Amino acid sequence: MDRRIIFSVVFCLMLGKVAAQVTISGYVSDSATGERLQGVTVIDMNTRSGTISNAFGFFSLVTKPAANIIVRFSYVGYKTIKLTLPARDTMLNIALLPGVNLEEVQVSAEKPVEDRTEISTITIPVKEIKRLPALGGEPDIMKALQLLPGVQSGNEGSSGLYVRGGSPDQNLILLDDVPLYYINHLGGFVSTFNPDAISKVTLTKGGFPARYGSRLSSVLDIRMKDGNIKELHGAGTFGMIASKLALEGPIKKDTASYLISYRRFLYDIFTRPITKIVFEGASMGYHFYDMNAKFNYKLNENNRLFLSFYNGDDRAIVKINHKDTNQRAKVAIRWGNLLGALRWNHLFNPSLFSNTTFTYTRYRYQTAEYYKQTGTESEYTFTSSIYDATAKTDFEYYPARFLTIRFGGGATLHNFIPTSTTLKQDYTGAIPVDSSFNDDKNRAFEHNFYLENEINLNSRFRANIGARYSAYYVDDKWFHGIEPRLVVNYKFARNYSLKAAYSKMQQYVHLLTSSGAGMPADYWVPATAVLPPEKSVQYAFGLAHTSRNGMFEITIEPFHKTMSNLIAFEEGIAYLGGSGNWQYKVDGDGKGKSYGIEFFLQKKLGKSTGWIGYTLAKTTRQFDNQNDGKTYPYKYDRRHDISIVFKQKLKENIDFSATWVYGTGNAMTLATGHHLVIDDNSSSHYLPKTDFELYEGHIYSEENSYRMRAYHRLDLGFNFYKEKKWGERVWNISIYNLYNRQNPYLYYWHTKVTYKNGVRTEGTPKLYQQSLFPIIPSVSYSFKF
Amino acid sequence: MMKSFYYLSFILFLLTSCTKEVVIDLPDHEEKPVINSLFSPDTLLCVHVSRSRVITDTFFLLQTAPVVVLKYAEKTDTLQSTGNGYYVSRNHVPQVQTMYTLEVFSMEHGKATASDKIPEEAPFEVINYMQEAGIDVEGCNFSSITIRFNEPPGEKNYYEIKVVHESNPGGKLRYDKLWLWSNDVVVRNEGYVNEIYSSLIFSDELINGKSHTLAFNFYHFVYKKKIASRFFIHFRSVSENYFFYKKKLMLHFENQISDIGYGTGNPVNLYSNVENGYGIFAGYSEDRDTVTVNEWTGE
């Protein structure tokens, strides 16, 4: 009875608040390009209540009625505007004028960090990424994210993301709302994201809103540009790693636009003809490419369609055509993603916005060998792939000035082919071989619903309370999960707030990464009855502060995360090379723990900008059948991780930037003892059996119980801008590893052997460190018109 | 001009100095006896005995008391030392499907024991030899041999294939063990195949009780020199201990390789069936066939 009374009182109070309000809603865009702007702060200057435009530039500000409502729109890099509006519901299309405060760094959203509900979330505009030093002159989104606290890079030069002790498969990487399964080119040195096609990148490391799910450790939300709806523009780059071209423009001015970009690694264009001459008919080449396309069409004020497309591949091909011997052969390895998305924005009324999305995404890894000669023909293919088709809809509802409700749901059909092998052989005089072995095509169905309430009770207390329900069907078995999410922000003093978050996450796909020393291969496999879904629970806390003049922003965030049902190849298995029950070649009982504290200090205004990030953390793993069941440090566990980023506008047309990174050395397993091992009785059956082939086998330490030397590196970058009649050109000069630090990539034991007067002398084994990248200068030329 | 030379030399120095010696503190190593023996019904029992050492020491020899062989737990033989750690039986040839136990005594390290038996021989036949079966990614021709065997139903069986090439260059017989690879799914299913190995090892997981035709590849450069030669194909039926040992040994060696181009693999611990020690004591039986290569008449 008491509960009913309390509920009635609260409901009446809320109704009272809802009754006396007006709604100012609409879209915010860039006046020059027509591109919708995400993250614009919209504030009622009378009540100081405000909101932020969503990923599609839509905002809805519910406020108190007043004789004159003064609304301010602000966004870093754009001129702030104020409008005086009458006290009634109003729909607006706001175009912000760019060109103000361009030298300011834009690492965070525009609202002061202590006023934002979210925690552990960082947004980086792509133009800031382009100002950073770049390996090989190729700006890289993932490498910029690696400079943030709580994010590790893995091996040197890699584009991998290890967020708060998670592995790369635990990152939900969304390109225009579509999950991407593989994000690397060139063995991980370049990511698949072409900065010319990207508008905004947001990384969430903890305190996940309920609208996100399916991964344990992070959400990387990458938005492609919509395309300039006003006029034709283009941009291009000639770099040492890749060259690229992007075009965007209106199909119908102010109604429909397009964006098309293409990036390619070009060296194979030269290596193919050269190798054909050198190797007598054998042409060899490797390349990667990324193709992005997007079309957007404004049906009317309330409806808009977006069509996004991405295709990226790595391809290594050897072709042999010996005309004199009539031999033809081809060996090809390719891996990459294909995705498409159709999205429909619909505005039901000024308070209810929806986005409905249909997506398709595919990752596949394939090796193919073909050989033909007179009397002989053979073909071998190996494929590992995953295909997803998803339909989902998301709603944003603004019922009252203190409340934003987000809700929605979706369904995904997963198709997994962990391994598929086909072998055909037809030799004259022999029985033809035609065999195909496939893992059963695993079909899995996943669906989810979520409800998220963003509450701004007053100027001090904000919260995002929600929950996500997900279900997964595979092998005639259902898995269910309820994932509560909570973020609370309490502003205890002017410019200071305390935050706390709780997230429970569930993941229905696993990644197996080959553990051998050979060609790296990734296998995406489903959660099954044998290998149940991965789960995590993360607690995060935060202290947020912005200096009074807005110059500095600081966050301090402790976190604690536990993970379960992690998988790894069982010892002695390095690849999924064939068929059969792959599930039984995997250990699926892994547990992980990660905890630490992150410090992030940014200087946001002035000619000199940048940030310092520091992470103190510990990450472990434990599998019952590995390392004798003992807990061990994760390979990329780093006790200390520091990033310093400095940017300076030297002149009106010259930018300078420097980054310095430091990290505790990677954990490694080291051979501490050794003994003789037999490989075979003898090199030939005719030799006496007492002539064994004996080699040295290693006795390893406990897993990852040793540390490599610390990693540190300084990179510099200069951008030289020049206005031209046709647009602008930029020369970028970058120097990677300026002081030529020999950072460890791997350690190995080696025994030096010397010969003197025909006598062989073997030294004692010594430990050596192999480094990868010395100092590397690079240059690139970019243009835009 | 000289200035440019110095600058160039400096840059080259920076770009090439990528390896350096490092010093690291190692824990005390607990030495243990090491037994190495792969035994078959074709020969007298032979064992190599040594000891494990800290990684920086390479003196492996171990002073032991006699090495004893037990047959079904009954002492049946004492092996004789022939020097350099080898111990050989004077007259004992192991039998198939008989459980043997080896006991090695050392004053310093106590007793180490290991047991295993030899599985039944598995017959096979060579059904095809292709001199030019394909071209690899570097444009080199490779050859292929196809074999067929009947896999007996029932208990789990394990196999190994190795090939020895006999040639006669310059009138002197020469034997080379060939490095093999196969795209056959039965081999690839084992999850270790990514490179070429000195033998192929696999189980009957996918072919239990069936007849199976298996092709494997190897490089064979001699035929281009028009030298007559032979291949000895060894088809081994191996014990479970042998199988696990060899499989892990392949990955163990592969991941010892420090190669920037290939990257680094996770270290793989060696398999051992030796109690209170390291190493392997495992049995196998083998069937052999020979392929004689006719003189090549091509280029």
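1. A word on terms before we start: two strands count as paired if DSSP finds at least two bridges between them, and helices (H or I, at least four residues) and strands (E, at least two) are DSSP runs, numbered from the N terminus. With that in hand, S34(A) pairs with strand S35 (residues 586-603) of chain A in the antiparallel sense over 16 bridges. Within this pairing, A:Thr555 lies opposite A:Phe600 in S35(A).

2. Please keep the ground rules in mind. This is a predicted model, in which local features need pLDDT of at least 70, side-chain atom pairs count only at pLDDT 80 or more, and totals for chains, interfaces and linings use all residues. Residues are numbered from 1 along each chain as its sequence is written, chains are lettered from A and ligands numbered from 1 in the order in which they are written, and side-chain values use heavy atoms, with hydrogens and water left out.

3. S34 (residues 552-569) of chain A also runs antiparallel to strand S33 (residues 534-546) of chain A, the two being joined by 10 bridges. Here A:His545 faces A:Ile554 in S34(A). The hairpin of S33(A) and S34(A) has 5 residues between the strands, and A:Gly550 in it has a positive phi near 75°.

4. Now to confidence: pLDDT is the predictor's confidence in each residue, from 0 to 100. For chain A the average is 87, and 92% of the residues score at least 70. Two stretches of chain A deserve a look. Over residues 5-17 pLDDT stays under 50, and the model has 2 contacts (heavy atoms within 4.5 Å) beyond four places in sequence for them. Residues 101-109 also stay under 50, but for these the model has 35 such contacts.

5. On to the interface, where 98 residues of chain B meet 90 residues of chain A. Between them the chains bury about 8,300 Å², 59% of it on carbon and sulfur atoms; buried area is the accessible area (1.4 Å probe) that two parts lose on being put together, summed over both.

6. The rule finds 5 salt bridges across this interface, a salt bridge being a side-chain nitrogen of Lys or Arg within 4 Å of a carboxyl oxygen of Asp or Glu. One of them links B:Lys162 to A:Asp680, with the closest N and O atoms 2.4 Å apart. Helix H3 (residues 240-256) of chain B gives the most to the side of chain B that touches chain A, with 11 residues.

7. A:Gln769 has B:Lys20 in S1(B) as its bridge partner.
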